Amino acid sequence: MKNHISILLLFLIVINHSCQKDIGFGKIEFDYSQQLFIEGLLYPDETPKIYLSSSLPFFHEKVSPQELFAKNAIVELSGPGYSEILHPDSIFDKFRCRWNPFYSGEHLIKYGHSYQLRVTYEGQTYSASTTINQPRVNIASVQYTPDFYDVYGGHDGVILKVDDPIGIANHYRFQMDRIIDNTRKHAHVLDILTNNCTKEDEPFTVTDLVGPFLVMVHQMASVCK
Amino acid sequence: MENLSAYPLLTKIPNKIIRNQILRIVFILIPLSLIQAQRNFAVSGIVSDGSSGEVLIGANISVDQNTSGTSTNNYGFYSISVPAGDSVILVLSYLGFQSARITVNLKQNLQLNVQMNLSSNELETITVTADQNDDNVNRPQMGTIEIPTNMIKDLPAILGEQDILKVIQLLPGVQAGNEGTTGFFVRGGNADQNLVQLDEAIVYNPNHLFGLFSSFNTRAINNVTLIKGGFPAQYGGRLSSILDINMKEGNNKRWEVEGGIGMISSQITVEGPIIQDKVSLIVSARRTYFDWLIKPFLPQSIKTNYRFYDLNAKINWRLSDKDHLFISTFRGSDDALYSQDNIEYNIFFGNQTGTLRWNHIFGPRLFLSNSIILNKYDQNVAALQDNSFSRALSNIRDISGKSEFHYYPNRNHKINFGIQYYNHRFRSLGDSNAQSSKVPISEINKDSIPEKTFNELALFLNDEIKFNEIFSSSLGIRLPAFVEKDASYYQIEPRMSFKLQLSPGTSIKTSYTLMNQFLHLIPSSTAAVPTDIWIPSSRKTRPQQSQQLAIGLFKNYHNNRLETSIEVYYKKMENQVLFKEGNQLIKTLDVDEFLTYGKGWSYGTEIFLKKKTGRFTGWAAYTLSWTYQRFDQLNFGKKFPVRYDRRHDLSLVGTYDLSKKCTFSGTFVYSSGNTFTVPGGRINIAQGGSLFEGNYFVYQSRNNARLNPFHRLNLSVSYKSQTSLFRKKFSSECNLSIYNIYSRQNPYFIYFRVDPITDKPKARQVSLLPIIPSISYNFKF
């Protein structure tokens, strides 16, 4: 019991009065085996984008998306009557001044269709399948709030009210694209980042994601864009 | 209903003949020894300090030069058998006091109360008594350390506050908690496995000011004993240690005032006779002025009012030569408010205890102590930060009673037996939710929180038997029971210690103890919010249980001026409790579904060298130990070291009397770093994927790294003087202490982050306490 009281109060002292320094872990070797991390969302009427990156030992020197990108992977996406090998592609992140690589395809994703993903990388094969059958809900209203409180604390946000189908277990994903000019900073951890990759007055977007999230009341929820 | 049996212990002894021999020894030799009692008379009484009347606990009483005598119990009572008709010399000794030699010629039992005197030259006195005191070698009990309270005041102090728990941390087998705090861990046990009791009342949180100071005012303490193994049967309820603290009884000769002025707090103790030699009183109080001192230095945006106090009081009433009544109470609390911008903390925690004890001497061989004890612990910690609110509330109330008989049938037996009862009432609440920082923290009605009550009952019997000059033992059994509405546990706890005397100054001891604990402190799995709470055992959360085996070699040198020991122990702990992964806060006492259960084990070697006489006194303590836990649902079922699994712990403590007025002292500690968890890997998520962009940590195993080693040197110098004030002797002492003299940046904790610009991961070490000089002034008149 004493421990948490100590922690709580010492936290204040530590923050204000402690001495801090970066330390290295060069001598410590952790038995960590690199793993492939695959993520991707298929949106109806959009071409597929699949992100492949390698996880690394925590203190590994490789840090950027380009360095961590799983090159030489064979990424195959199959749909009704077709199959295509996705090819490496990238998009420039103006906010962070770097390229974000991924694998992309040519065929548009269709609502109601089933898809199989097959990734072969360094002798291992990974597969997944899905059916694009989640109904798009109707957005009843959109409202901006400067003070929203949830388990992450308080922040601004957008409250969407949607018509939630009764009797169906749904998963919602909320994505909010902020249009930011170079006088503004990111709302989260990048707030100290100076943007050098946009021209003056050129706006750019960053994306916030939350999901899954609480459905506040029946038939009220936030929903994807 | 649960049953554990002691019989498996005996049945595991492979040889049936040996097993039967053990039983034969127990059942034949004990009655034989009792018969011997008929040929002896008993000398019994109370041993006390002649200048104050304070009882002397652990004073040695022997017949002639026979060192295998007896010692006074926690109430100063002794009883020793001597042959009828012989003229014998009783030798009484106690560290720091002149030895007393009393010739007795017994034709009947004799009640002999002895008042021992402090020497005018303390150094000479210590030399005299040292020749007699080899209790550490002679008694069968092991794993027990008496803390020299008179030495504490000369040791270096942080912020001018000497502290008993800081001294405990310097003993072998004891590992200190976070730097600067009073937390301690004994032989691999968790902090909740230490029973800290003041005049037999449990003190659940013996801390002030983030744990920088303990709640115990050293000037109100008479005696401190730490038991970490070989527990006698009269002690129970915790797995790892008993810290038994006895308050002074108050000077029954004359009124005295003693005080101390420190950097952030001051204290005063008043004691004296209400009725000379009959009723005495001691009142000791301490309060911080930290809140007043810090106020001018704080910016206006910060409001804080941290304050703590403690108050000890005891009335000691000698009703007759055979009856003694004590009433003691302790109150102490910390109360703090901190607010700054969107941060608000409300912190309150405090202990209250009350002990009513009646001691009765039935005769020269039988002593009874009866106690009724009330203790309360309240904690209410609430935090509101960044619109996130959390609260941990704990409310404990115990009513307990204890009757303990001390029976001395002859010089070869010392039997303790009795009964102990607790009625516990617990209320706990943990909560966390979103709340605007603009809304102040609200009070909570404690009565609205469901309470849980349960009862503990224990019967105990312990016999310290001296079979001959070579072999002696302490055999005991404790029968604790836990009774609650939905679950009951009835346990059997065998306790045994054996001593083999190799030579007058050398012995080998071994002990086996089984302990049960019906309370669990559930530690938080996060460091940012207050979530530790006490819970009782339940149908699913079974009692914690430990078995400890230890063996040690004890040897004294130079007429017992130098004590040495080496102890090896192995302890295993069952039914250890932690949160499952991902669970932290709990709203009620019904937390079983969030918990996971495992076991722990610890083993190690402890080396202790203690020089207790002469100009230079002190000790060196070294512990080599390993402590692990294993939970099926944590760390992929693999064992992991506990946070305080330190391979090496070294403490050097020294005090040098340069003259009668000037004393130097120092402490040096070195320990391996605490373990902590380092993420094994990381996954970088770039913008555009399905998750938040950023770095995700991959944790592979618990406590897979160690902080840097910890070491620190503290030094102090004390200057004593004596003058006369209003025709009374006025003693004063000025103490200058320097904490962490070479300002070592010891690791407090390490946190990890990924640089948002470069994406490079970093580990940052946070160090807390640099060099801290402090001065204090103490006086007595």
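This is a predicted model: local features need pLDDT of at least 70, side-chain atom pairs count only at pLDDT 80 or more; totals for chains, interfaces and linings use all residues.

Modeller: A nonpolar surface patch of about 760 Å² is made by B:Ile470, B:Leu500, B:Leu502, B:Ile508, B:Ile551, B:Leu553, B:Ile566, B:Val568, B:Ile607 and B:Leu609.

Biologist: Which strands each supply at least two residues of the nonpolar patch?
Modeller: In chain B, those are β32 (493-503), β36 (544-557), β37 (562-579) and β38 (595-611). B:Val568, for instance, sits in β37, and with a relative accessibility of 37% it counts as partly exposed.

Biologist: Switching topic, is B:Ser369 buried or exposed?
Modeller: B:Ser369 is buried, because its relative accessibility is 3%, and its place is in strand β26 (residues 366-385) of chain B.

Biologist: What does the side chain of B:Ser369 make a polar contact with?
Modeller: Its partner is the side chain of B:Asn359, at 3.0 Å. Leaving aside residues up to four places away in sequence, B:Ser369 touches several residues, among them B:Tyr75, B:Trp358 and B:Lys402.

Biologist: And the backbone, what is phi of B:Asn575?
Modeller: Phi of B:Asn575 is near 60°, which is a positive value in a residue other than glycine, and this asparagine lies in strand β37 of chain B. B:Ser743, also not a glycine, has a positive phi of about 50°.

Biologist: Where does B:Ser743 lie?
Modeller: B:Ser743 is in the loop between β48 (728-739) and β49 (747-754) of chain B, and it counts as partly exposed because its relative accessibility is 30%.

Terms used
Residues are numbered from 1 along each chain as its sequence is written. Chains are lettered from A and ligands numbered from 1 in the order in which they are written. Side-chain values use heavy atoms; hydrogens and water are left out. Helices (H or I, at least four residues) and strands (E, at least two) are DSSP runs, numbered from the N terminus. Buried means under 20% relative accessible area, exposed over 50%, partly exposed in between (1.4 Å probe, protein chains only). A polar contact is a pair of N or O atoms within 3.5 Å; within protein, one must be able to donate a hydrogen and the other to accept it, and residues adjacent in sequence count only if both atoms are side-chain atoms. Contact means heavy atoms within 4.5 Å. Patches are made of residues with over 30% relative accessible area and no salt bridge: like charges are joined within 9 Å, nonpolar side chains (Val, Leu, Ile, Met, Phe, Trp, Tyr) within 5 Å. Accessible areas come from the Shrake-Rupley method with a 1.4 Å probe; for residues, only the protein chains shown count as cover. A salt bridge is a side-chain nitrogen of Lys or Arg within 4 Å of a carboxyl oxygen of Asp or Glu.
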